[in-house]
Amino acid sequence: MSAPIDRGLGREIVLTLNGPDRRGIVHAVTGAMVGLDLNILDSQQFGDPSTGEFHLRMHLQADTPIDADRLEAERQRLVTELGADVDVHDPQEPHRLLIMVSRQGHVLNDLLFRVRTGQLNVVVPAVVSNHEDFRAEVEWHGIPFHHVPVTRETKPQAEARLREIIAAERIETVALARYMQVLSEDMCADFPGRVINIHHSLLPSFKGARPYSQAHERGVKVIGATAHYVTSDLDEGPIIEQDFRRVDHRMSPAQLAATGAELEAMAFARALRWHVERRVVLRGRRTIVFD
């Protein structure tokens, strides 16, 4: 559903449109944006013949700060005229990301480096873990670390605490950076399209424990990683990004795991960047990703 425009806009916006396909959509949107004196920096579109839907992402720029009231009026007009969801986002506004991790830190380390060096347009108000292993490292980055232990018996209390942190820090997206706990069905249902996981294989292959030993035993020729939205169906959520590398019989399980760790970090970073930049369209069990 389309959301009202934030009144604190600068000189750039990203407009996304998702709705029924019909003639004249691009003409209508382009005309509206030209009427607001906005210049199109980039525009991508996809008409999906399998669903009859049309998807558009447009990056626009103005010479002066954008008039939010005029833009909101045009957005509402397009919603009514086209029968579509039309959303507008300020790409300069950092996305509020919560990172969750357990005892493997390679994806966490990669994300913290990318955030610190400005490679991801996010702020990380907190890191949550069910172990204490990475407290010192996270706090060195100046980020609050929350230890929220989880057992079968304490899972409801742990998720209640997680909800408190999400609400208090106004979290937009939760990144499961090798967080080795399964979220409850209620948690998944309450945050649809807002929780992203990195899985240590090319789904649906080699689920569960010891994926690289399984891969070694099966003599696989490629290994990879899958970044996907989290749903109540374990490791079955819509896929955002996958990466892979060719391997052979000379590689040990440890070498496969090291290669896999690199792939996990890279695939996850790309998936998060595309999500933050509003490049991902979530439609049922699949995604459409604009490059």
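Start by selecting E53 and R283: the two form a salt bridge, with their closest N and O atoms 3.1 Å apart (a salt bridge being a side-chain nitrogen of Lys or Arg within 4 Å of a carboxyl oxygen of Asp or Glu). You are looking at a predicted model, where local features need pLDDT of at least 70, side-chain atom pairs count only at pLDDT 80 or more, and totals for chains, interfaces and linings use all residues. Residues are numbered from 1 along each chain as its sequence is written, and side-chain values use heavy atoms, leaving out hydrogens and water.

Next, colour domain 1 (12-89) and domain 2 (95-289), whose bounds come from an automatic or database domain assignment. Two salt bridges are counted between domain 1 and domain 2. About 780 Å² is buried between these domains, with carbon and sulfur atoms giving 47%; buried area is the accessible area (1.4 Å probe) that two parts lose on being put together, summed over both. Now show H55, R57 and H89, which supply 49% of the area that domain 1 buries against domain 2, more than any other three residues.

Finally, go to D235, which UniProt lists as "active site" in an unreviewed entry; such annotations may be inferred rather than shown by experiment. Is D235 buried or exposed? At 14% relative accessibility, D235 counts as buried, since buried means under 20% relative accessible area, exposed over 50% and partly exposed in between (1.4 Å probe, protein chains only).
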